[in-house]
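Here is a short tour of one structure, with a helix, a strand and some charged pairs as the stops. Have the model open as you read.

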Amino acid sequence: MEAFKFTQLKYIQSAIEYGAFASSIDSLNDPYEWQGIRYPESLKVCCLTSAPFKMLMWSHYAKHTGCRIDFSFDERCNGILRPVTYANEFVDHSALSAKELVEHLYTKGVEWRYEDEIRAVWQKETAARKRDDNPWIKSLDGNVFLRGTVQRITFGLISEKNRDDYLQSLKVIKRANQARSDDTQIEVCKCRMKNGSYQLTYDGQFDYLEELDRLE
């Protein structure tokens, strides 16, 4: 399964090393999601999307200075990585059991439909699963990630505005690709405005190694 994550440049290295970051439930930008949850520390949500070029996603989550990371996920993520259902009905989280709560976290209000979100919900008990069967992994600092392989990284329209982060990101990707075989290289792209429309597309002239040489 393929899904996309919009984020800031400083998170590229952890994405390559671990996978897609899972946010604490009480840090999500929709306050409804964490209302009425007694033990928010026991839940994290990995938020992705199926919409790679949607302007609002670039604006809200990458600020056009960040990037989009394209992940592929294997069969370990089957069943837990699912498209979000958008609904008008309000459900009181405090009235739900722990099991019902996890299931309901795959539903959001209809005003969020533009995100075309795909998500996975982590629970503390999933850490007890056998390691090679566990779709989740914890980094050394305790952050939780959904195991996935980075296939492509696309820089935003003005990602070079943060010159230091931009340069460091290019170096991180180069090192990662040097350690990969030819058929598993991370593709590196950059956005540009599509001529004659309010849309984004790929910059066909962009070459990340030439960009790295230019900046160093």
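Let's start with helix α4, where Tyr166, Leu167, Ser169, Leu170, Val172, Ile173, Ala176 and Asn177 are buried. Please keep in mind that this is a predicted model. The buried residues of α4 pack against α1 (12–17), β12 (149–155), β13 (187–193) and α5 (208–215). The helix also passes a simple length check: at 1.5 Å a residue, its 16 residues (163–178) should span 22 Å, and the end C-alpha atoms are 23 Å apart, which agrees.

Next comes strand β5 (residues 67–72). Because 5 of its 6 residues are buried, β5 is largely enclosed by the rest of the structure. It pairs with β1 (residues 2–7) in the antiparallel sense over 6 bridges, and Asp70 is the bridge partner of Phe4. β5 also pairs with β12, again antiparallel and over 6 bridges; here Arg68 stands opposite Thr154.

Now for the charges: the whole structure holds 14 salt bridges, including these.

| Glu33 | Lys108 | 3.7 Å |

Glu103 is partly exposed, at 43% relative accessible area, and Arg82 is partly exposed at 24%. Glu187 likewise counts as partly exposed, with 39% relative accessibility.

Terms used. Residues are numbered from 1 along each chain as its sequence is written. This is a predicted model: local features need pLDDT of at least 70, side-chain atom pairs count only at pLDDT 80 or more; totals for chains, interfaces and linings use all residues. Side-chain values use heavy atoms; hydrogens and water are left out. Helices (H or I, at least four residues) and strands (E, at least two) are DSSP runs, numbered from the N terminus. The expected span of a helix is 1.5 Å times one less than its number of residues. Buried means under 20% relative accessible area, exposed over 50%, partly exposed in between (1.4 Å probe, protein chains only). Contact means heavy atoms within 4.5 Å. Two strands pair if DSSP finds at least two bridges between them. A salt bridge is a side-chain nitrogen of Lys or Arg within 4 Å of a carboxyl oxygen of Asp or Glu.
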